[in-house]
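I'll jot things down as I look them up.

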Amino acid sequence: MLQEILSSAGTHDLHQTETRVFDRPTALTVETVNGDLTLDTHGNGNGRRDADGTHDGDGTHGANGADDPEKAHDTDSVRIVAETSATSQSALANAQLVAEGGDGEPLAVRVEHDGETDGSVRVDLDVTVPADLDVEHAATTNGECTAHGVTLHRVEATNGGCEVIETTGALHAETTNGDVTVRGVDGDVQLSSTNGHLSAESVDGYVAARATTGGITVRDPVGIDDLATTAGRIDADVPAVRGATTVESATGAVRLRPGPGLNASVTASTSVGSVTAPALGSAHGLGTVRVEGTFGEGGPTLSVSTHVGSITVEE
């Protein structure tokens, strides 16, 4: 096991780095509290590096508890670097990296704090995995979550944002007090946030999104499912829908760009604002205005609405 304690200036002036490497499990869950979480694959060259460009340290702590430097270069393993910083030696000792399972079973890794998580200690996790290993759940509290190139199914951040790039598998990404950005996901995507913007781009699947306070942006998906926000703007490409679909903002404008292959029966309405839809007709006035029509051969219902705001459905 690699452990190094360094002193430096700043609020968290004690630092400890621990590197652990595990034989490939059947699946992985990982969670930290008061820290950032980064997920990457071996091929992407993940890992926090020292100023000279080398990886932190030169030793590893294997899943069986024995030092095993050879595992550091095993691309079929799970490598976790935990960087802990604290305001005191006692606070530093209060945070532990706990691993359960593995050895042909699912592996669960989490950070545990022995005492109050009052900000006196921070643990950032840098996780490197095989690209085809199922990461079932990744979560952080009071930190950011970033994933690149992995097979990821669920990611959550509380008091922090999520960024997910070029992952494989159906994805559910959720934040409380933070933005969600996904790009290049191979699979259906569900996004949700309480107080944060939701953005999806180049998704090889259908996108669903729900925000309490925040806008929604969708670019270049295969299609959309329901998009809804209580307060925010919705701006989305709509190549296809696969069933009755709702796009709704309680307070905010809505702009949709139907794809050339869209087949849907569209209803667009606003209580305070206007509806502009060149292919369907436009409506302006006081009180509720409503426009109906079809794209392509018609089909599933696409209901577009806002209580306060204008709606634009481009040609």
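Started with Asp237, which pairs with Arg257 in a salt bridge; the closest N and O atoms sit 2.6 Å apart. My cut-off for a salt bridge: a side-chain nitrogen of Lys or Arg within 4 Å of a carboxyl oxygen of Asp or Glu. Asp237 is in strand β20 (residues 234–238) and Arg257 in strand β22 (residues 254–258), so the pair ties together parts 20 residues apart in sequence. Strands here are DSSP runs of E, at least two residues, numbered from the N terminus.

Note on the source: this is a predicted model, where local features need pLDDT of at least 70 and side-chain atom pairs count only at pLDDT 80 or more, while totals for chains, interfaces and linings use all residues. Residues are numbered from 1 along each chain as its sequence is written, and side-chain values use heavy atoms, with hydrogens and water left out.

Is Asp237 buried or exposed? I get 16% relative accessibility, which counts as buried (under 20% relative accessible area; exposed is over 50%, partly exposed in between; 1.4 Å probe, protein chains only). I also see Asp237 and Arg257 in a salt-bridge network with Arg219, Arg233 and Asp235.

Next I checked Arg122, which bridges to Asp36 with the closest N and O atoms 3.1 Å apart. Arg122 is in strand β9 (residues 121–129) and Asp36 in the loop between β3 and β4 (37–41), 86 residues apart. Arg122 is partly exposed at 27%, and Asp36 is partly exposed at 23%.

Definitions and conventions: Helices (H or I, at least four residues) and strands (E, at least two) are DSSP runs, numbered from the N terminus.
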